[in-house]
Amino acid sequence: MSTSAATALPEPNYLSAGWTLRSWLLTKDHKRIAILYMVSVTLFFVLGGVFAFLARLELLTPAGDMVTADVYNRLFTMHGVIMVFFFLIPSVPAVLGNFLVPLMIGAKDLAFPRINLLSWYLFMIGGTITVAAILLGGVDTGWTFYTPYSTVYSNSHVVLTVIGVFINGFSSILTGLNFIVTIHRMRAPGLTWFRLPLFIWAHYATSLIMILGTPVVAITLLLVAVERLLHLGIFDPALGGDPVLFQHLFWFYSHPAVYIMILPSMGVVSELIAAFARKKVFGYHFVAFASIAIAILGFLVWGHHLFVSGQSTYAGLVFSVLSMLVAIPSAVKVFNWTATLHQGSISRETPMLYALGFIGLFTIGGLTGVMLATTGIDVHVHDTYFVVAHFHYIMVGGAIMGYLGGLHYWWPKITGRLYPRFWSKISALLVFIGFNLTFFPQFILGYLGMPRRYWSYPEEFQVLNVLSTAGATILGVGYVFPLVYLLYSLRRGAAAGDNPWGAAGLEWETTSPPPTFNFEHEPVVTGGPYDFTNVKEALFDE
Amino acid sequence: MWPNFPLFPDAASSVAREVDALYLGWLAISLFFSLLIGALIVVFFMKYRRRAWRRFGSTADIKTLPVEVTWSVIPLVIALSMFAWGAKVFFDQMRPPADAVGFYGVAKQWMWKFQHPEGVREINALHVPVGQPIQITLTSEDVIHSLFIPAFRVKTDVLPGRYTTLWFEATKPGEYHLFCTEYCGTEHSRMIGTVYALAPEDYETWLATGRTGVPLRVSGGELFGRFACDTCHRMERATPELPARGPSLAGLFGTEVELVGGGTVTADETYLRRSILEPQAHVVAGWQPIMPTFKGQMSEEQLNALVDYVKSLPAGTQTADEDGAPGAAGESPASNAG
């Protein structure tokens with residue numbers, strides 16, 4: 001196609017609605033706020049990634065020789081804090097969810113546009129405070145802030161960091177609130193609950209966790225600051241507190257928070273699988289309810305982080321069996337996605353590669369999660385690299401693969417531009433290979449007994465650590481690719497058209513990029529989701 | 001280049017093989033499902049590739065319910081079976097046999113201090129006899145640590161202000177890593193040590209060659225006098241003229257204690273510790289809450305010795321005399337040492 005003719009985007013669109021800084025910083029358009037989030041979470045991702053890479057470089061050799069132990073401890077802590085609170089939790093919901101929830105349900109915007117903007121500002125204030133804590137010297141407690149280390153013994157910027165995370169929590173709560181109200185009240189005529197895309201179901205479930213769980217971690221972190229500043233005995237036994245109480249409170253949020261990170265990506269994957277197999281998702285109702293089941297059961301399993309904490313043996317068993325139950329809806333999703341591929345019309349576009357990568361890696365992450373929920377195994381591998389590998393399979397192999405897949409799928413909708421397909425496929429491949437090389441050796445390391453958060457380690461663990469660092473390098477290169485070609489596409493990419501993939505869903509029925517109020521006429525829905533019979537003008541059919 | 005490149009850890013305790021079997025069982029299940037899903041994805045990816053004559057996927061209406069139920073129930077049955085197997089192993093890891101020998105350990109930033117029942121102290125090293133169950137009662141002087149011996153497949157967090165226990169029976173002589181696995185600050189990765197599992201006769205030799213130490217229950221008996229515990233806990237020496245003001249501790253350990261206001265509590269190490277540090281927490285039925293706290297007055301090691309002494313008192317024991325020698329009446333606790 002000729003580039004010059006194809007670069008003209010439909011007017012008016014939400015991007016051309018204003019070019020000034022003010023038009024961005026005071027926007028109430030959910031799509032522009034999504035862009036604000038996209039830019040900010042990308043910056044945090046780069047920051048968190050640099051910390052991770054430095055930590056992996058230190059681990060190339062058994063001796064602690066590149067940085068000091070104190071610096072290393074700060075590196076892994078800030079990697080965790082930034083990635084969990086400022087990338088993984090907001091990434092899919094605040095970027096893709098923000099952009100797509102109104103579009104997918106045929107609404108003009110979220111229910112509370114101003115609150116939506118407020119939540120971005122809270123996110124940025126929390127992020128700025130946390131970055132300030134880093135610049136002042138950082139924090140060394142681990143992202144888990146375990147007491148009484150964090151409240152009494154750590155000589156680092158604990159209070160500033162937890163204040164940053166605390167404020168950021170309200171951003172998450174407000175986003176969840178906005179989504180729930182929007183999904184309840186603003187669906188287009190005819191869009192009943194069981195005609196909703198699974199992406200919406202996943203975001204609804206996620207929002208429930210955000211609203212119900214986040215206040216608990218906010219209170220918990222506040223208590224950490226209170227004990228640290230005022231020496232009130234809450235967690236420190238020397239002051240009459242209970243150190244394990246912190247772990248219960250912390251994981252009561254932070255285990256469900258894992259589902260805040262993975263559920264939206266599962267929603268993305270449901271969309272991708274349907275679109276690139278051109279087939280209705282198999283067992284739609286089961287996939288939808290699986291999201292809700294995960295959200296609810298997720299609140300009952302926190303104690304599996306405490307099997308060796310001195311918690312009673314029987315409490316451990318109860319949490320073990322409940323954790324097994326969460327695995328069932330997750331397994332149901334994996335089976336349904338796989339079954340959707342059967343007799344599909346499977347395209348090999350980049351988003352589909354990410355989606356299929358997600359299923360494979362999430363399966364491994366999930367299965368090792370159930371292994372960890374098995375008390376007899378957890379006693380051995382608890383707090384070893386086995387756990388590190390497991391949750392990175394869920395967070396990086398799951399959540400980030402889902403985010404990248406979604407980004408590549410909706411990029412033409414968001415920007416109106418196409419990106420280079422060849423390079424994007426190469427990058428998806430690099431991410432998959434680099435990821436596995438980074439984290440698979442860590443399963444072996446963990447069962448061998450290498451503890452996590454070790455700056456130096458016995459030399460028999462070196463080979464596997466070298467492999468892991470090599471993988472991290474490939475993974476890093478894989479992540480730099482999209483940064484380059486997506487930015488390139490903004491200037492040089494061909495115009496995408498309304499529906500380049502030939503996908504189904506309301507978001508593909510408006511222009512790319514959409515106008516400020518999303519649809520020229522309020523859409524009316526007459527059928528279920530993933531109905532491809534009326535799909536037109538697909539750019540990339542074989 | 002790397003002469004030492006293991007892929008699977010040594011198995012050197014009575015529970016290690018059990019844990020490995022459970023792990024390998026899960027590994028087999030995981031491999032089966034991962035390969036199944038992976039293979040299906042690859043096959044469908046190849047077989048159903050989009051073609052000009054297949055621009056759309058099948059729209060056939062399939063009855064999903066039977067399929068969904070099948071693939072929910074199968075994983076559920078597998079998960080619950082593995083839970084039960086895991087619970088069995090967990091009990092074996094958590095419950096020491098009755099003949100376990102009591103060691104003590106104190107963790108602090110950043111070292112492990114161990115004490116044998118014979119009183120011998122070690123730092124970042126632990127010598128144990130093979131074939132003898134050993135239970136270590138642990139506490140921390142500062143933050144939370146975690147004691148992990150990979151070759152034994154056991155681990156427990158070590159908490160400030162309370163006791164946790166870890167038990168194992170080494171089955172193979174050798175030197176094994178001992179790690180701290182709960183992040184505890186700057187030198188966390190240096191809070192490591194070595195477990196030396198020795199054949200019983202080598203262990204006896206090791207103990208006998210130049211190790212000095214007063215058996216814990218003996219030094220605990222001395223402390224019992226030094227802290228004047230025996231002025232109230234007079235036990236057999238109580239007379240009508242000089243009645244005991246506190247309950248007898250003889251034969252206390254392991255019994256159910258009735259408390260003021262109803263309820264009972266098992267007199268384990270944690271109970272003894274708490275009763276010394278926070279006497280008002282559990283007041284024994286029939287006695288006044290008059291005991292002062294000893295919080296901040298004794299080190300963790302002294303506390304361990306006192307607890308061990310009280311543990312060692314069989315029913316009908318007389319307390320140690322003021323000079324610290326074990327009581328004359330009843331079986332001498334010191335004679336059990338070793």
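**Domains, chains and helices**

The domain assignment of chain B gives two entries, domain 1 (101–208) and domain 2 (216–329). The model is predicted, and chain A has a mean pLDDT of 94, with 99% of its residues at 70 or more.

- The centres of domain 1 and domain 2 of chain B, taken over C-alpha atoms, are separated by 27 Å.
- Eleven residues of domain 1 of chain B and nine residues of domain 2 of chain B take part in the contact.
- On the side of domain 1 of chain B that touches domain 2 of chain B, strand S1 (101–108) and strand S5 (134–140) of chain B are the elements that give two or more residues.
- S1(B) gives the most to that side, with three residues.
- By class, that side of domain 1 of chain B has four nonpolar, five polar and two charged residues.

**Where chain B touches chain A**

- In the contact between the chains, 73 residues of chain B meet 75 residues of chain A.
- At least two residues each are supplied to the chain B side by helix H1 (16–47), helix H2 (65–94), strand S6 (145–149), strand S7 (154–158) and strand S9 (174–180) of chain B.
- H2(B) provides the largest share of this side, 16 residues.
- The side of chain B that touches chain A has 40 nonpolar, 20 polar and 13 charged residues.

**Two helices of chain A**

- The end C-alpha atoms of H11(A) are 43 Å apart, which agrees with the 42 Å that its 29 residues should span at 1.5 Å a residue.
- Because 21 of its 29 residues are buried, H11(A) is largely enclosed by the rest of the structure.
- Gln343(A), which follows H11(A), has a positive phi near 60 degrees.
- Helix H15 (residues 421–448) of chain A has 28 residues and reaches 41 Å from its first C-alpha to its last, close to the expected 40 Å.

- His305(A) lies in the loop between helix H10 (284–297) and helix H11 (313–341) of chain A.
- His305(A) is buried, because 24 other C-beta atoms are within 10 Å.
- Beyond its neighbours within four places in sequence, His305(A) is in contact with Gln247(A), Trp251(A) and His255(A).
- Over residues 1–5 of chain A, pLDDT stays under 50.

Conventions
Residues numbered from 1 in each chain as written. Chains lettered and ligands numbered in written order. Predicted model: local features only at pLDDT ≥ 70, side-chain atom pairs only at ≥ 80, totals over all residues. Helix = DSSP H or I, 4+ residues; strand = E, 2+ residues; numbered from the N terminus. Expected span 1.5 Å × (residues − 1). pLDDT = per-residue confidence, 0-100. Contact = placed C-beta atoms within 7 Å. Buried ≥ 20, exposed ≤ 12 C-beta atoms within 10 Å, placed from the backbone. Nonpolar A, V, L, I, M, F, W, Y, C, P; charged D, E, K, R; others polar. Domains from an automatic or database assignment.
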